[in-house]
Every structure is written in structure tokens, then in C-alpha cells.
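Please find below a colleague's note on the model shown here.

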Amino acid sequence: MTRRTLLKFAAATALALASTGLFNCGGGAGDASKEIRIGSLQSTTGDTSTFGKSSDKGIALATEQRNKSGGILGKQIKIMPADTQSEIKVTEQAMLKLIQQDKVVAVIGEVASGRTMAASQAALDNHIPLLTPASTNEKVTKAGDYIFRSCYTDGLQGQWVAEYAAAHLGKKAALIYDTLSPYSVGLADRIKEVYAKLGGQILIETTYAGSNTKDFKTQLTAIREKNPEVIFLPGYYQEITSLVPQARRELGMKDVPFIGGDGWDSEETLKADKESMNHCFYINHYASNDPDPKVQAFVKTFRDHYNGETPDAMAVLAYDAANIMFNAIERAGSTDGPKIRDALAATTDFPGVTGNITIDANRNARKPGVVLEIVNGELVLREHMAPPAGK
Amino acid sequence: MTYFLQQLINGLAVGSTYALIALGYTMVYGVLRLINFAHGDVFMVGAFAGVYTSRFLQRARGISDEHLDQSFYTIILSLLAAMILCAILGFLIERFCYRPLRKSSRLSALITAIGISLFLEYLLQIEWHIGTLRFFGSTPTPVAQVAGWRNAIPWIQSHTGLSITGNQAFTFAMATLCLIGLILLVNFTRTGKAMRAVSVNYDAARLMGINVNQIISITFIIGSALAAVGGVVGSLGGSNIDPLMGVLPGLKAFIAAVIGGIGKIHGAALGGLLLGVVESFVGAAGWTQYQDAAAFLILIIMLLARPEGIFGKPAPEKV
């Protein structure tokens, strides 16, 4: 090759190496031994970006409060962020970055069940406890004994959706869910199971592929043909805010109520097309207008901290999860992975904003839920759903 | 029967978007024998251009971003702005990425096309913040709807029981208009004649005094403008757009162009509509999970059975 091409090649290589160096220097800075580093694995950009942003806010608030009162074991807490971009592939890499580069002692995250499962292998391989504040799919904690969750599971959530629908909305339903989301598939299965037991009938079951699907007219036209009394929609807010307006406006299905799970919970759901989103229900982890004094105190603190913004379920769950994690590290008396793991497993009656939290033998939390209805862009608390009695 | 017709209408509306993108694919293949894989992403850029233009127009009129509503005028202006922007984009891509490779192997140009496609998709994943405004980024961007166009047109609904929304009607109308315009251009103007000449034989066209570089640039400009139209009308149906929205429609439009006979304009249009309708029927039959797979299955079958497409001329075997 000529001298010119050789020079060009060398320049390009040098540039490439330099740029990788530039983007890598975030992790090394700061002395890991003087602070306790906890990773926050969240989707701050992409299809489910409000989940990540809210979770980060909840975690940040908990961290600030804890740091003000002395931190844990005499050290300040530092939260290392990692954006999964709402993509499973990116999640795996983000988790590895947290563990290998940022040297975190534990990770809080992710929200979407599919992505938490993607991050699990790295957690198990490296003995880093992973606490998900909001992943509800049953399979998540089955991955291994370093994976914990501080929220209810889809087994319970799906049951509540089916129970509420059968009792208040109708016994003839349509079901539409996302085949690419383990959360949606798992929740749909459980809804079908319980609804059938309660005498409900699924008239038509149809699917879509992915949260960034934009056009649902084929599926909705098929659903309209069957004339259901209620439509189950266990999806995420991104596609829901396209689907429901399409059903209400373009297909004229104005009277049929929709009901889904916590994937609905986002400010985007309330901002979208207020007229269309009326008469929709979903199960959630908490209601911001719950009269419980603990909830109201938290809502006020959050609003004062974040410019009047009302915390959504993800923010509250992440706040509780962060505090559970801090509490566990305190009880473990060390930042050793296995010791934190054992302390997390022993969490009993932790006073969270979302209720008294006990981590059971399957590393799940037994907690109550609420049914919310969207009325003119506001959430109205309709019913409290209690977890089954027992351990 | 009404159900069947309803799904047919849904299919035609979706197919119109595919047709608009496919027209660009087929034109470029006609003159350059190049499959411009970046075309689906020009569609995406067109969608973004339209959304930001309408938002800018609204702000100029003092309407807040919360009020996602458009008027007919803002849609038309968005269309024009998107068409101009994508025409420029198409021109630049051709001029700086394909023209230097015209003497190289066909493969180099194809790989470059894929490279540009990926470049556009991932460049726009970066969020830009100007003040409190967010531009691009992987988080979906909301689309303003024209008030009332999401509803079914009332007199059609009352007379036939079918619901055709304003958006669907507009999409189909724009696709038809563009198709007619393109056919007129290609068959009744000098430029069109030159384009046809270049597609028959590149070198002979040069020898006849045609400025081939100019003709190819014009081809890209027109093709990209059509993709922009597709982007704007295609984004009206859903509630948001994102940088990866052009991947699947781009692939399907390519399939549509192949089905109809790549290089033939009416083939591309028919292929697009056909693909949209088939997709709709597959979904209506209950196999919604296989809607996308159906498109690719058709491609495979077509290439095996009749590779020249519906309107293509079977290439003779030279023995």
C-alpha cells in the first residue's frame, strides 16, 4: 500500500482508539473504597423511557436522604447509572459495564421483566445481588438466588385483573397482547387462566409484535367483530397510547372498557388523547391519591424535590427498593456480594411506602395492589386488592 | 362481507405507504441497478421532518406542545417541507456516497447503501436538547393528528357500514396522486424520456448526449421526495415515530418492488398495495404473529417462481 494510504489508515486507527478511550473514562474516576457503589440499571431512553426516568428519580431521592443521614456503614452511597435504552441486547452490555467497569456491589433494576432476565446471568456469574423494583413476570426470580424483587408478581397481578374484570366489567372479553414481551405474555396467560375459572369467556385472542408497533387496525377490526364487553390489554404504555385511541376514534369502539396491568403506569398514558383514554382501568402498585399518611408524605417530599411532579408507581417502587437495598447492606455489615444477598433474603416487614415488604423464600415480595381508572386524564382509585394470606 | 371489506380497506391504507416507498426503490433500481437500502430510512427522516415542521408551525401560532392537533394546512406544509428535506438528503447521498462508486463493483454500492441506512438509524438515536425541546433520540416522538381525521368518515359509515378514517383516505389519495404524477413524468416529459433511456442502457444514453449524472440525481430527488410523502402520511396513523420505524417498512417496500417487477413503476405501486392487503388478511385470519413473516415468505416464493415480478419481462437465458 502507498505511503498515503498507510498514513490514512494509521490516522483512522488512532482516532478510533482515542474515541473509545474518551467514552470509557467515566467508570474509573473516584475511589471505590471510600464510597458504596450501587448500580441503577434503567431504561432512561427508548420505548419505555418513563419507567427508567421515574425509577432513577426514586432512587436518587432515597440516596440523597440516606446520604444526608450518614450513608451506610459510614460511607456515602454513589449510584452508578446505566441506560438500557429499552433494549434487551443493550441491557446485557450495560450490566457488564456496571459490574466490571463501575465495580458496583449491587444493582437495582431493571423494570421490564424481559430485560431483568437478560441482566440476571451477569449478576449470578459475578455474585452481585440484583433487586428489581418492578419486574412482575414469575420467571424473573427463578433465574437464581441472587435475583430478588420487591414488587408483586404477575401471578397475583393477572389474577386481580381477571377478578376485577369478571366482577365489574363483563364476562365476555377480548385479549390483545405483545408476543415480544415476556411481561405481556406472562400476564396474558395468567389472566386467561383466572378469568376462565371465574366463568369468563375470551371471545378472541390476538397479538402484536413489539412496543413500537404503530398500527393495530387489523387486530382491532377483528376484535370489534366479536363485540366483547371488556378488552384485556396487558401491555406497556408506549403501544397502549397508540392502540386505545385507534380503537376509540378510528374504529368507533367508544364504550368498551380496557383493562391492563402496571405497564400502563406512565405520565404518557395520562397525557395522550384524554378523551380516548377514558373508561380504562389498570392494576398498579400504588395510587398517588391514596389517603394513607405514608403515601401522602412521600408524594409531598417527591413533589418538593422534583418541581411539583407527582411520583408514578415506578418512582415509588424504586424508592422502596433503594431503601430495602440500603437496609440490607447495613444488616450485612459488609459490601460482600454473598452477605448482601443473605441480608436481602432475610428482609422482613420492611416499612415501605408501597406497604410492609417481606421477601419470601422465592425472593418475591408479598404486597397489595390497587385498581385505578383513568377519568379525564386523572387516576381514580377504585379498589384495593390484597395479596392472599399466608407467608 | 363487511368484515372482509373492512380488512381490505385497512390493507390498502397500509399498502399505500409501502407503495410510496417502493416507487423510490424501483426508480433507483431502474436507472442504476442499485437497491438503495437507505431508502427506508429516508422514509423515517421524512416522518421526523413532517412532525417537527408541524410542531414548529404550531408554536409559531402560539399553540402549546401539549395540544397535539394539526390542521389541513399544517399537514400540507409539513408534506412540502419533508419532501424538500428528503429530496436534498437523497441528492446528497447519491452525490457523495454512490456516485464515487459508480465505476466500482455493484457490491460496493450495495454495502455502502446498507452502511448509510445504519448510519441514519443510529445517528438519530442520539437525543439533541435545545432549551427544553428534545429532538430525535430513541424515545418515541409523539405525532400530532389532524383533528377529526382519526374518525371514520361519517357518510361512508352510514351508507356502507365501513369505516374509512380520514387518515386512511388521505394516505390512499396521496399515493394515487404521486403514482399518477410519476407516470406522467416518466412517460410524457423529456426528463422522463431521459430516465427511461438511462435505465435501458447507461452508456448508450451518455453517447446520445444525455447528462446521466443529472438524470440520476433527479431520480434520487424524486424517489426521496416520495418516501417523504410516505413518511408523513404513514406516521399519521400511529401516535408516535422513532428512528427505527423505517426498517420494516423499508424492507417490505423492497419486497413490494420485487413482487411488482423491480424497475417498473406500476409494478411497485401494485406490489405495495398487494403486500398491504395480504398482510391485513393474514392478520384477520388470526395469524397476527405471522404478518411480517408472510411478507418475506412471499418474497421467497416470488424469487423462486417468477423472479422478474408480476410486470417484469422474463430475462432470457443466454445460451
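1. Accessible areas come from the Shrake-Rupley method with a 1.4 Å probe, and for residues only the protein chains shown count as cover. On that basis chain B exposes about 14800 Å², with 70% of the area supplied by carbon and sulfur atoms.

2. This is a predicted model, in which local features need pLDDT of at least 70, side-chain atom pairs count only at pLDDT 80 or more, and totals for chains, interfaces and linings use all residues; side-chain values use heavy atoms, without hydrogens and water. Residues are numbered from 1 along each chain as its sequence is written, while chains are lettered from A and ligands numbered from 1 in the order in which they are written.

3. Chain B has 12 helices and 6 strands (DSSP runs numbered from the N terminus: helices are H or I with at least four residues, strands are E with at least two). Its radius of gyration is 20 Å, close to the 20 Å that the globule rule gives for 319 residues, so chain B is as compact as a globular protein of that length. The radius is taken over C-alpha atoms, and the rule is 2.2 Å times the number of residues to the power 0.38. Along the principal axes, the C-alpha atoms of chain B fill a box of roughly 60 × 50 × 35 Å.

4. Of the 319 residues in chain B, 50% are buried (under 20% relative accessible area; exposed is over 50%, partly exposed in between; 1.4 Å probe, protein chains only). Among contacts in chain B with a separation of 6 or more, 73% come from residues 24 or more positions apart; contact means heavy atoms within 4.5 Å.

5. The size of an interface is often given as the accessible area lost when the parts come together. Chain A and chain B bury about 2300 Å² between them, 44% of it on carbon and sulfur atoms (the accessible area, 1.4 Å probe, that two parts lose on being put together, summed over both). On the chain A side, K214(A), T218(A) and E250(A) lose the most area to chain B, together 27% of what that side buries. The contact involves 26 residues of chain A and 29 residues of chain B.

6. Which residues does S163(B) touch, leaving aside those up to four places away in sequence? They are R224(A), E250(A), Q6(B), A152(B), Q157(B) and Q168(B). S163(B) sits in the loop between helix 5 and helix 6 of chain B and is buried, because its relative accessibility is 3%.

7. Over all chains there are 23 aromatic pairs. Rings of Phe, Tyr and Trp (its six-membered ring) pair if their centres lie within 6.5 Å; planes under 30 degrees apart count as stacked, over 60 as edge-to-face and the rest as tilted. W264(A) and Y282(A) are stacked, at 6.0 Å centre to centre and 15° between the planes. W264(A) lies in the loop between strand 9 and helix 9 of chain A and Y282(A) in strand 10, so this pair ties together parts 18 residues apart in sequence. W264(A) is buried at 0% relative accessibility, and Y282(A) is buried at 1%.

8. W149(B) and F170(B) form a tilted pair, 4.9 Å centre to centre with 45° between the planes. W149(B) is buried at 17% relative accessibility, and F170(B) is buried at 10%.
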